[in-house]
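Welcome! Take a moment to turn the model around on your screen before you read on.

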Amino acid sequence: MWGTEWPRFEVIKQDTKHSPPQMVGSVHAADPEHALLVARHVFVRRPAAYALFVAPAEAFFHVSQEGLKDLAPRREGGPEEAYWVFAKRSHRRSMVYGDLVGRFLAQGPEDAIAQALLQAQGVAFWAVPERLLLGTEPTEEVVESWFAPAKEKTYRLQSYYGLITAKGGEVNQDA
């Protein structure tokens, strides 16, 4: 952490009750509760949202496609805990960079990712202990109060607003 910058939290958004949670970005916040509120303002501007989760960025174990060959799962007979494992499926540019593969009981994040590799392919994987996730409750009242107001808002891509040049003129990008 640099200077007075707040810690970074990864944001996980679930669009509908039956869709998988997806890693959508990160926010800086003072604590997990604050991160959840900031994430709502940043990532729930688009209408579809059912649940939102945050976890400290440093809690995520990450391995790229190149690192998968050196992945050494720990299986020493110690206690297991639940991990959420996310996979980036391709190098294609997207607003979402990790889809939830599943929840795995493992002795460490390497073991959780090794289990996920049996179910999904990907170019990168992230694992986070479930105990470090903070999320909205999946009750009707919470979903209504947290996400329904966004359904009434108009959302436009940034290209809708045009580009203002250094000379003060506006360029219509649609032309």
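The report below walks through the fold, the helices and some charged pairs.

## The overall picture

What you see is a predicted model. The protein has 175 residues, and 41% of them count as buried.

How many helices and strands does the protein hold? There are 3 helices and 10 strands. If you follow the chain along the sequence, these elements come in the pattern β-β-α-β-β-β-β-α-β-β-α-β-β. Contacts also reach across the sequence: among those between residues at least 6 apart, 64% join residues at least 24 apart.

## The sheet

Look next for an open sheet of 8 strands, with antiparallel pairing. Its strands are arranged in the order β4-β7-β5-β6-β2-β1-β3-β8. Which strands sit at the edges? They are β4 (61-64) and β8 (134-135), and each of these pairs on one side only.

Strand β2 is mostly covered, with 5 of its 7 residues buried. As a general point to keep in mind, side chains in a regular strand alternate between the two faces of the sheet.

## Helices lying across the strands

Helix α1, residues 32-43, lies across β1 (8-14), β2, β3 (51-56) and β8. The helix runs at about 115 degrees to β2.

Helix α2, residues 109-117, lies across another set of strands: β4, β5 (81-88), β6 and β7 (124-129). Its angle to β6 is about 115 degrees. Is α2 mostly covered or mostly uncovered? Helix α2 is mostly covered, since 7 of its 9 residues are buried. The buried residues are P109, E110, D111, A112, I113, A114 and A116. Strands β4, β5, β6 and β7 are included in what covers them.

## Two helices side by side

Two packed helices can be described by the angle between their axes and the distance between the axes. Helix α3 covers residues 140-151, and α1 packs with α3 at an angle of about 25 degrees, with their axes 11 Å apart. Angles under 35 degrees count as roughly parallel, so α1 and α3 are roughly parallel to each other.

Which residues make this contact? From α1 come L36, L37 and R40, while α3 supplies S145, W146 and P149. Sorted by class, the contact has 4 nonpolar, 1 polar and 1 charged residues.

## Charged pairs

A search of the whole structure finds 5 salt bridges. One of the pairs to look at is R8 with E10, where the closest N and O atoms are 2.5 Å apart. Is E10 buried or exposed? E10 is buried, because its relative accessible area is 7% and buried means under 20%. R8, at 37% relative accessibility, counts as partly exposed.

A salt bridge also forms between the side chains of E81 and R131, at 2.8 Å from N to O. E81 lies in strand β5 and R131 in the loop between β7 and β8, so the pair ties together parts that are 50 residues apart in sequence. E81 counts as partly exposed at 24% relative accessibility, whereas R131 counts as exposed at 59%.

The side chains of R89 and D99 meet in a salt bridge too, at 3.8 Å from N to O. This pair links distant parts of the chain: R89 is in the loop between β5 and β6 and D99 is in strand β6, 10 residues apart. At 43% relative accessibility, R89 counts as partly exposed.

Note on methods. Residues numbered from 1 in each chain as written. Predicted model: local features only at pLDDT ≥ 70, side-chain atom pairs only at ≥ 80, totals over all residues. Heavy atoms only, no water. Pairing = 2+ DSSP bridges. Helix = DSSP H or I, 4+ residues; strand = E, 2+ residues; numbered from the N terminus. Contact = heavy atoms within 4.5 Å. Axes fitted to C-alpha atoms, helices over the stretch in contact; angles between N-to-C directions. Salt bridge = Lys/Arg side-chain N within 4 Å of Asp/Glu carboxyl O. Buried < 20%, exposed > 50% of the residue type's maximum accessible area, 1.4 Å probe, protein only. Parallel < 35°, antiparallel > 145°, perpendicular 65-115°, else oblique. Nonpolar A, V, L, I, M, F, W, Y, C, P; charged D, E, K, R; others polar.
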